[in-house]
Amino acid sequence: MSRVKGDIAIKNNSYKKENDTNYFLSELIIFDLWILYKVREVFKFGYQRLRPLLRTIYLMGVGAGILSIYIFFIDNYHLSMCEEKYLQKDSRQPNIQVLGISDRSKADTTLLKEEILKLKTKTWSLDMMIRKMNAELSNVHSLSKTTQLELPDFVSEAVGGSVISTPDTESFFEPKGIHFSLFGIPIWRPNYFTPRKVIQPWTQPGECWAFRGSHGKIVLELALPAMISHVTMEHVPVTMSLTGKIDSAPKRFTVFGYFEDKYITIDTFEYNIHGPPSQTFLVTKRELFNVLFKRVTLEVLSNWGNEKYTCIYRFRVHGKLHS
């Protein structure tokens with residue numbers, strides 16, 4: 001009886017081992033199938049992503065093949081043409097057509113030399129004309145610069161001139177919130193110049209006082225009472241403008257002098273944007289040459305087309321003290 005029970009236990013144990021082995025094999029097969037499925041998904045995903053690149057490479061290969069064939073046939077064609085020309089050149093038989101071309105080429109060469117000589121003559125004349133114009137412009141510029149340096153400026157801030165007010169005139173500013181930043185950190189904010197810039201020197205485009213519109217006023221205090229004979233208006237030349245135009249420059253402007261508790265008109269002038277950057281104007285009212293002014297008002301009546309703002313780079317008042 002105990003022997004029978006032992007045989008049954010051995011059979012059950014072997015069956016259990018066999019079932020465990022089968023279970024392990026089935027799990028291994030399922031795992032292999034899962035691996036194959038994932039590999040298939042990866043290859044499928046990669047193919048979908050690389051399909052445009054593979055198509056491009058394929059088309060480039062086809063194009064390169066066609067181009068190679070074309071170059072091969074063209075080279076052979078040119079080679080054969082060169083051989084034919086070489087054989088024709090070595091042939092000792094006279095060729096009337098070739099002789100005719102040679103004579104014609106000699107005539108064309110003579111005409112070409114004549115045209116080149118004419119062009120050289122015209123170029124020399126043009127070069128001389130340009131040199132003469134440059135010399136005249138240099139003389140005009142140096143004369144204007146010398147005249148400006150010889151005249152004293154009574155409203156210059158450096159000698160004691162000052163800005164009193166800008167009546168009925170609003171300075172032109174962009175919104176205060178404008179600035180450039182990097183990752184939220186402000187790295188640059190535009191600068192704006194006050195009316196004091198009108199009586200200060202400038203060197204770069206943009207160093208001016210700008211006011212809204214084409215009409216504005218600024219009241220200036222002279223360093224010393226003076227008899228006014230000239231005024232100077234300055235603006236950046238068009239060659240220094242980033243936009244290639246200076247339509248914000250003043251055009252017509254009037255200068256008033258404060259005398260005996262009232263303003264009297266000294267003269268009206270017009271700034272020409274096609275002239276030099278610094279333009280000096282003569283006061284034509286000779287009856288005012290003996291009048292001492294301590295304060296003047298510059299009133300810009302119009303500009304050269306800019307509807308938003310007008311820029312004044314510098315304004316000078318010239319004259320002399322009471323003798």
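The exercises below concern a predicted model of a protein chain.

Residues are numbered from 1 along each chain as its sequence is written, and side-chain values use heavy atoms, with hydrogens and water left out. In this predicted model, local features need pLDDT of at least 70 and side-chain atom pairs count only at pLDDT 80 or more, while totals for chains, interfaces and linings use all residues.

**Exercise 1. State in which elements confidence is lowest and highest.**

Step 1. pLDDT is the predictor's confidence in each residue, from 0 to 100. The protein chain averages 80, and 73% of the residues score at least 70.

Step 2. By element, confidence is lowest in strand β3 (residues 185–188), with a mean of 50, and highest in β9, at 97.

Step 3. Where pLDDT is low, the predicted coordinates should not be read in detail.

**Exercise 2. Describe the largest nonpolar core and name the elements that give two or more residues to it.**

Step 1. Helices (H or I, at least four residues) and strands (E, at least two) are DSSP runs numbered from the N terminus. The chain has two helices and eleven strands.

Step 2. A nonpolar core is a set of buried Ala, Val, Leu, Ile, Met, Phe, Trp, Tyr and Cys residues joined through side-chain atoms within 4.5 Å. Buried means under 20% relative accessible area, exposed over 50%, and partly exposed in between (1.4 Å probe, protein chains only).

Step 3. The largest core has 39 residues, of which F253, V255 and F315 touch the most other members. Two or more residues come from each of β4 (209–212), β5 (216–234), β6 (252–259), β7 (262–270), β9 (293–300), β10 (309–312) and β11 (314–320). The most, seven residues, come from β5.

**Exercise 3. Decide whether F43 is buried or exposed.**

Step 1. F43 lies in helix α1 (residues 2–90).

Step 2. Its relative accessible area is 61%, so F43 is exposed.
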